[in-house]
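Here's a quick briefing on how this protein is put together. Have the structure open while you read.

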Amino acid sequence: MTSRLSLAALATLPAAVRRPGYDPGTIGVGIVHLGIGAFHRAHQAVYADDAIAAGAGDWRILGVSLRSAGVRDQLAPQDGLFTLVVRDGDRTADRIVGSVAGVLVAPEDPESVIAAIAAPATRIVGLTITEKGYCHDPASGELNRDHPDIVHDLAHPDRPRSAIGFIVAGLARRFAAGTGPLTLMSCDNLPHNGAVLRGAVTALAALTDPALADWIAGTCAFPATMVDRIVPATTDADIAALADRIGADDRAMVKAEPFTQWVIEDAFAAGRPPYEAHGAQLVGDVRPFEFAKLRMLNGAHSTLAYLGLAKGLAFVHEAMADPAIRATVEAQMAEAAATVGDVPGLDPVAYAAALRERFDNSALQHRLAQIAMDGSQKLPQRLIGTIVDRHGADQPSPACALGVAAWIAHLSGPFVNDPLADQLRSAGTNADPVAAALAIQPVFGTLGSEAWFADQVRAAWATLHP
Ligand code: NAI
Ligand code: CS2
């Protein structure tokens, strides 16, 4: 039986395992992160680890889970340590990350989360809460005031459920105490993620305290970010293989590809780590970068997922090995590339080729089912936006339309994992699934009533159902 990873166990690990370049116990917390999932641990927490090792100071992270105790129970016995396992073909590299100081579980103790956000030492609140965590309308980006969590938080502001509710409660305490503003940094795959977060937070605050909403809008920062690293969900087999390799049991490990990219709008209200010294890009305008990534990488991912699952495939690399699916993905990337405009330092053709090479990395074992989830929250920015923009240039988008049609076909199957699942399943089993799906306003807005749009989706649907 191997012992749990811990500070004491660091000395026993093989020399090849990279350790934190500092003593975690000597570094204070400066960041509260909502949504301490796999991606945060494989991406932002690694940049913070690098910055702290280079002497940046008190920038450790206090994680928060708004849903369950799982990650807290994984990390608490490990002094917050976890392994980042980077896989590329037959190569594996193991790195112990020390930047996470601990995890709060909001349903167990909501007050502790509000207090953490309100603490004077807290300067950044980060988020990776999935696209559905923003309680917004995906088609418009606006806060959904009828969202059950928002309705709850308005009635119980001292024990919120939503990330938005916790942020407003923490900022209200800072406002009342004169503790000063924060930076709220979304790291989710949403277009204009900073603006979406700012809109949701100020809209909720304004419903109860307009002065608070004005203070937030006037003093807090909501930088946009583009985040990129393929981080598949960890499996028990991954944990067992790591234990065999390093001689320690790490239940909180994460696995990822070598590639990582972080483009951040340089707009912070209370300081930040020197992310740019460790590979991040601090820019004035994130939009070109996010459009390219969301439309070319994520649009292709969603197309792969629905076409691949329909063929009984399980992993991204398997779908990429299917000639017909690969050809569709190449066409989808080309359609998207035509809409992203000039992206500093990016050649669309080379970028598309690099994306396909990343998708071919079979060592990741990236499940199509993970990508397929929450499609109602993903399709607007990944496929629909490209179709609309290309229509404006009198260009059809058959490959993107095929991705939309494949999603609609997916809705009739047994694996619809989505916050709108009931509505989607009803559409998927309708006598006319295309018409029923296109009528779903949170996804398509008014596009469903546009003949040019419906015609493209129907033409794609016909190729799936000859
Ligand atoms: P994960 O499943 O490991 O973690 C998801 C986190 O979101 C958990 O902490 C969960 O409690 C929280 N969450 C889920 N629904 C929520 C809700 N309604 N309200 C508040 N919190 C909620 O997933 P992972 O891999 O960490 O991905 C999270 C997000 O990170 C993605 O949705 C995406 O926006 C972004 N991302 C993920 C990448 C990846 O390859 N995994 C890469 C780039 C971005
Ligand atoms: C994936 C993304 O699960 C999904 O929807 O498309 O998490 C993808 O792995 C990342 O955006 C890559 O940066």
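In this predicted model, domain 1 and domain 2 bury about 2400 Å² between them, with 58% of that on carbon and sulfur atoms. On the domain 1 side, Lys 132, Pro 138 and Ile 230 supply 24% of the area buried against domain 2, more than any other three residues.

**The two domains**
- Across the boundary, 33 residues of domain 1 are in contact with 31 residues of domain 2.

**Nonpolar cores**
- The largest nonpolar core has 64 residues, and those with the most contacts inside it are Leu 304, Phe 359, Trp 407, Phe 444 and Phe 453.
- Helix α10 (residues 287–310) is the top contributor to this core, giving nine residues.
- At least three residues of this core come from each of domain 1 and domain 2.
- There's also a second, separate core of 41 residues, which includes Val 64, Ile 129, Cys 135 and Ile 216.

**Aromatics and charges over rings**
- Leaving out residues up to four places away in sequence, Phe 444 touches Ile 384, Val 404, Trp 407, Ala 437, Leu 438 and Phe 453.
- Phe 444 also belongs to an aromatic cluster with Trp 407, Trp 452 and Phe 453.
- The count of aromatic pairs comes to six.
- Arg 123 lies over the face of Trp 59, 3.8 Å from the ring centre.
- Arg 272 has its charged end over the ring of Phe 268, at 5.7 Å from the centre.

Definitions and conventions:
Residues numbered from 1 in each chain as written. Chains lettered and ligands numbered in written order. Predicted model: local features only at pLDDT ≥ 70, side-chain atom pairs only at ≥ 80, totals over all residues. Heavy atoms only, no water. Core = buried A, V, L, I, M, F, W, Y, C linked by side-chain atoms within 4.5 Å. Buried < 20%, exposed > 50% of the residue type's maximum accessible area, 1.4 Å probe, protein only. Helix = DSSP H or I, 4+ residues; strand = E, 2+ residues; numbered from the N terminus. Domains from an automatic or database assignment. Contact = heavy atoms within 4.5 Å. Phe/Tyr/Trp six-rings, centres within 6.5 Å; stacked < 30°, edge-to-face > 60°. Lys NZ or Arg CZ within 6 Å of the ring centre and 35° of its normal. Buried area = accessible area lost by both parts, 1.4 Å probe.
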